[in-house]
Amino acid sequence: MRIRVERELRDEFLKICRAQDRPAAQVIREFMREYILAKKSKRAGHTKNTGGRPAAPGGQG
């Protein structure tokens with residue numbers, strides 16, 4: 001996976017990772033896992049929209 005981020009954001013992120021003695025890749029994987037769990041949890045709690053139809057994937061509808 002390749003992503004583009006602003007240099008300032010990248011540098012600050014790496015600085016904090018180094019200060020915590022954690023590899024940046026490990027921190028990013030942790031963020032990804034937390035994001036997935038949050039989205040799955042949100043989706044499970046909101047399975048129907050206000051019209052009574054099943055909600056669209058990704059929370060649209």
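## The loop at Asp-21

Asp-21 sits in the loop that joins helix 1 (7–19) to helix 2 (24–45). In this predicted model, its phi is near 55 degrees, a positive value in a residue other than glycine. That is worth a second look, because most residues other than glycine have a negative phi. Asp-21 is also exposed, with a relative accessible area of 71%.

## How the two helices meet

On either side of that loop, let's turn to the helices. The axes of helix 1 and helix 2 come within 9 Å and cross at roughly 105 degrees. An angle of 65 to 115 degrees counts as roughly perpendicular, so helix 1 and helix 2 are roughly perpendicular to each other.

From helix 1, the contact is made by Phe-13, Leu-14 and Cys-17, and these meet Ala-24, Val-27, Ile-28 and Phe-31 of helix 2. By class, this contact has seven nonpolar residues, with no polar and no charged ones.

## The second largest pocket

The second largest pocket holds about 240 Å³ of space. Helix 1 and helix 2 each supply at least two residues of its lining.

By class, the lining has ten nonpolar residues, no polar ones and one charged residue.

How values were computed:
Residues are numbered from 1 along each chain as its sequence is written. This is a predicted model: local features need pLDDT of at least 70, side-chain atom pairs count only at pLDDT 80 or more; totals for chains, interfaces and linings use all residues. Side-chain values use heavy atoms; hydrogens and water are left out. Helices (H or I, at least four residues) and strands (E, at least two) are DSSP runs, numbered from the N terminus. Buried means under 20% relative accessible area, exposed over 50%, partly exposed in between (1.4 Å probe, protein chains only). Axes are lines fitted to C-alpha atoms, for helices over the stretch in contact, and angles run from 0 to 180 degrees between N-to-C directions. Angles under 35 degrees count as roughly parallel, over 145 as roughly antiparallel, 65 to 115 as roughly perpendicular and the rest as oblique. Contact means heavy atoms within 4.5 Å. Ala, Val, Leu, Ile, Met, Phe, Trp, Tyr, Cys and Pro count as nonpolar, Asp, Glu, Lys and Arg as charged, and the others, Gly among them, as polar. On a 1 Å grid over the protein atoms alone, a cavity is a set of points where a 1.4 Å probe fits but cannot get out, and a pocket is an open set with protein on both sides within 12 Å along at least five of seven lines; lining residues have an atom within 4 Å of a point. Grid points are joined across faces, edges and corners, and a volume is the space filled by probe spheres set on the points.
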